[in-house]
Amino acid sequence: MDGFSVTITEAVCLGASLAFSGICYYLYRKSRTTADKLDDAPHFTIDGKLKDILKATPGACLQYAVIEGAVQPVGEPLRSHFQKEIFGVLQKFMLREHRLVWNSLSGSWIDREQVMHQSVNSVPFVLVGSDETAVRVLCPLQASGVHMEITHEKFHQVNYSLGDIVGQYFSGEKLKGQLETEEMLKVGATLTGVGELILDTDDTLNLRPPSNSAQYFLSITDSDALRHDLEDMAVWWKALTVASALAGAAVLLWVGRRYYNHLKVQREWEQLRREHERRRAEARRAPSAAADSEALQDVGENNIENACVICLCQPRDCILLDCGHVCCCHSCYQALPRRLCPICRQNISRVVPLFHV
Ligand SMILES: [Zn+2]
Ligand SMILES: [Zn+2]
């Protein structure tokens, strides 16, 4: 397509919006499918009947089921490093460093976080129902969902001397301090588990990551709250998909509009050129044509100011707009390498013929 062009910025914006909407759509489908699977998963109470249900199920296994029970350790529980009266079965300790880094683009200090140390401990645990029936939870660290509570959080601020402060302004980086956190899944907490429920050969009930690629969840909220969170996330991903697709469509519309304007200007120029040719032909055919051409020749020979500034032999017969200069003949105007006025270098948006009467 003649005159159709896409700038690098437009191509980058279009590519980025298409790629981003593709990623958002993938994440939307994933959240939607997970929420639907969770919606369809049967709920079971942890009691003596659960073993009978599983015995009656082919393979003694329910591929995706929801259970809820109280957390109990199988052996010795873990003790909180900071609050000695708190016991748990999962424990996560994190030390994060916070730095302020000067951003010359925004002209402000930006907070940067870096994990300095992280450790996770776990002990075997079960979910206990109303009648002491227990379901062993396998691979808890592979599960998604919020299943730990913050048991300790402390920020260690750094104190500076005057020399340090001056040094920081020169280096563009200053240490704020370290954030120390401990999270635990406490003993006795009510936990919702969503996964594969199986009756093992040793007659124990187990909850483990599903083998059908569904997501494994352990959460201290109930399954309804978990589903609502997933649905909210799906709505967000959908909105982002639509927004980035609209941004891509806007870039395409912008390019299309520019091409349409280009075609419109070309059509107008062509019409003007034809009109110009027609008028010149008419003038040559008119009875006074000879006299006129003589007069024009005189003008060309005697008054160099009215001759085309480019070829110096034809009369000036074009008005260049928007600058309004009358400086060249139509043939020289057409031969211009770029549509810039030869006198003032302004862009030529239109050209109209100049008629001598
Ligand atoms: Zn000329
Ligand atoms: Zn000009």
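**Structural briefing**

The C-alpha centres of domain 2 and domain 3 lie 76 Å apart, with domain bounds taken from an automatic or database domain assignment. This is a predicted model, in which local features need pLDDT of at least 70 and side-chain atom pairs count only at pLDDT 80 or more, while totals for chains, interfaces and linings use all residues. Residues are numbered from 1 along each chain as its sequence is written, and chains are lettered from A and ligands numbered from 1 in the order in which they are written.

**Overall form**

- The assignment gives domain 1 (7-40 + 222-270), domain 2 (64-221) and domain 3 (304-353).
- The protein has six helices and 14 strands, where helices (H or I, at least four residues) and strands (E, at least two) are DSSP runs numbered from the N terminus.
- The radius of gyration, taken over C-alpha atoms, is 39 Å. This is well over the 21 Å that the globule rule gives for 357 residues, so the protein is more spread out than a compact globule; the rule is 2.2 Å times the number of residues to the power 0.38.
- Along its principal axes, the C-alpha trace spans about 120 × 70 × 25 Å.
- Of the 357 residues, 20% count as buried. A residue is buried if 20 or more other C-beta atoms, placed from the backbone, lie within 10 Å of its own, exposed if 12 or fewer do, and partly exposed in between.
- Among contacts between residues at least 6 apart in sequence, 67% join residues at least 24 apart; a contact requires C-beta atoms, placed from the backbone, within 7 Å.

**Confidence**

- The mean pLDDT (the predictor's confidence in each residue, from 0 to 100) is 86, and 93% of residues reach 70 or more.
- Confidence is lowest in helix α5 (residues 289-302), at a mean of 48, and highest in strand β6 (residues 125-128), at 93.
- Over residues 298-302 the pLDDT is below 50, and this stretch has five contacts in the model beyond near neighbours in sequence.

- Helix α4 (residues 223-285) has 63 residues and reaches 92 Å from its first C-alpha to its last, close to the 93 Å expected at 1.5 Å a residue. The expected span is 1.5 Å times one less than the number of residues.
- The buried residues of α4 include L226, L230, A234 and W237.
- Packing against the buried residues of α4 are α1 (8-40), β10 (190-199), β12 (217-219), α6 (330-334) and β14 (350-353).
- Helix α3 (residues 162-171) lies largely in the open, because the number buried among its ten residues is zero.

**Annotated regions**

- An unreviewed UniProt entry lists residues 6-28 and 235-256 for "transmembrane region"; such annotations may be inferred rather than shown by experiment.
- Residues 6-28 are 91% helix and 0% strand, with end C-alpha atoms 31 Å apart.
- Residues 235-256 are 100% helix and 0% strand, and their end C-alpha atoms are 31 Å apart.
- The unreviewed UniProt entry also lists residues 308-345 for "domain: RING-type". This span is 13% helix and 11% strand, and its end C-alpha atoms lie 16 Å apart.

**Residue C332**

- C332 is placed in helix α6 and is partly exposed, with 19 other C-beta atoms within 10 Å.
- Not counting residues up to four places away in sequence, C332 touches C308, I310 and C311.
- C332 and C139 are 193 residues apart in sequence and 82 Å apart in space, C-alpha to C-alpha.

Key:
Contact = placed C-beta atoms within 7 Å.
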